[in-house]
Amino acid sequence: MTPSPSHESPASDLDIDIDAIGEELPLLEGLRTARAIRRLKPDPVPRSLIRKVCEAGTFAPSGGNRQPWMFVAVDDAEKRRWIADRYRPVFQKYIGPAIERGERENFAPHLLRNMRASLYLAEHLHEAPVHLFIAGFTRRNEAQLQAIYPCAQNVLLACRAVGLGASFTTLHRAFGEECDRMIGLPENIPSAVLIPIGWPLGKHGRPPRASVDTKLFFNEFDASTVEKERPIG
Ligand SMILES: Cc1cc2nc3c(=O)[nH]c(=O)nc-3n(C[C@H](O)[C@H](O)[C@H](O)COP(=O)(O)O)c2cc1C
């Protein structure tokens, strides 16, 4: 019997059936309920489970099937502190004014919740037991984000399936070169995405999304049906 993928924090490979966990969740249900989980327990995550979610990443598409991705999973506490100490001030500076504006202008509650959750992550990043960096070989001196991002999405979906909390972040690029050197990545394999991973404090569930009926057109786009102003700039 597979252990319940939610609310438990199996610390080692011995407590968990790595082959079986996450295999039963239907694909579409999983992806509809893979909201960003930014409140994480500090409990350790077995490396074999990190291997499993990274393996899911390797099934992403990439131009010419070049598979440029590389993963660096940082579970060393000192290194995580180093990363968090740099991420926190940059994110606070970025999100602080946005939250103030959101409160002043009565942004929709889900937008404010999202901003506050990302601030929480920034303030607790050192506690996330795994900082998973997804990097990739450059091509013609350009990062191959078009391959790294689908790879990251596969990792997020795999985390959802096995019951791990995770979210997509890129803010570490503000100190990206320094960070890459710290984790041993050379210039031609820059990191693009940082996925903080851990056992969730809350639950997975459907994220707030506009109906597909406001986004889908057949044969011809109709601008008159699309909202004129975006909720946040
Ligand atoms: C390219 C990209 C960059 C992102 N960067 C960050 C980030 O630096 N920090 C963060 O907390 N979330 C980041 N996010 C996550 C988004 O904020 C998240 O997808 C959004 O809040 C929706 O969350 P939900 O699926 O729970 O509704 C990023 C997402 C994308 C696609």
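A residue counts as buried here if 20 or more other C-beta atoms lie within 10 Å of its own, as exposed if 12 or fewer do, and as partly exposed in between, with C-beta atoms placed from the backbone. On that basis, buried residues make up 32% of the 233 residues in the protein chain. The model is a predicted one, so to speak of local features takes a pLDDT of at least 70 and side-chain atom pairs count only at pLDDT 80 or more, while totals for chains, interfaces and linings use all residues. Numbering starts from 1 along each chain, following the sequence as written.

As for the overall build, the protein chain has six helices and six strands, taken as DSSP runs (H or I of at least four residues for helices, E of at least two for strands) and numbered from the N terminus. Read from the N terminus, the order is α-α-β-α-α-β-β-β-α-β-α-β. The radius of gyration of the protein chain is 19 Å, close to the 17 Å that the globule rule gives for 233 residues, so the chain is as compact as a globular protein of that length. That radius is taken over C-alpha atoms, and the rule is 2.2 Å times the number of residues to the power 0.38. Along the principal axes, the C-alpha atoms fill a box of roughly 55 × 45 × 40 Å. Two residues are in contact if their C-beta atoms, placed from the backbone, lie within 7 Å. Among contacts between residues at least 6 apart in sequence, 80% join residues at least 24 apart.

Next comes the sheet. Four strands form an open sheet in the order β1-β2-β6-β5, with antiparallel pairing; strands pair if DSSP finds at least two bridges between them. The edges are β1 and β5 (165-166), each of which pairs on one side only. Six bridges join β2 to β6, and Val130 stands opposite Ile197 in β6. On the other pairing, β5 and β6 are linked over two bridges, also in the antiparallel sense: Gly165 stands opposite Gly198, and Ala166 stands opposite Ile197. Strand β6 is mostly covered, with eight of its eight residues buried.

Beyond its neighbours within four places in sequence, Ile195 is in contact with residues including Leu132, Ile134, Val155 and Phe168.

Then there is Arg38, in the loop between α1 (27-32) and α2. With 25 C-beta neighbours inside 10 Å, Arg38 counts as buried. The C-alpha atoms of Arg38 and Ser118 are 6.7 Å apart, although 80 residues separate them along the chain. Not counting residues up to four places away in sequence, Arg38 touches Ala117, Ser118, Tyr120, Leu121 and Ser167.

Finally, the ligand is surrounded by residues including Arg35, Asn114, Ser118, Leu121, Ser167 and Pro208, each with its C-beta atom, placed from the backbone, within 6 Å. By class, this shell has six nonpolar, five polar and one charged residues.

How values were computed. Nonpolar A, V, L, I, M, F, W, Y, C, P; charged D, E, K, R; others polar.
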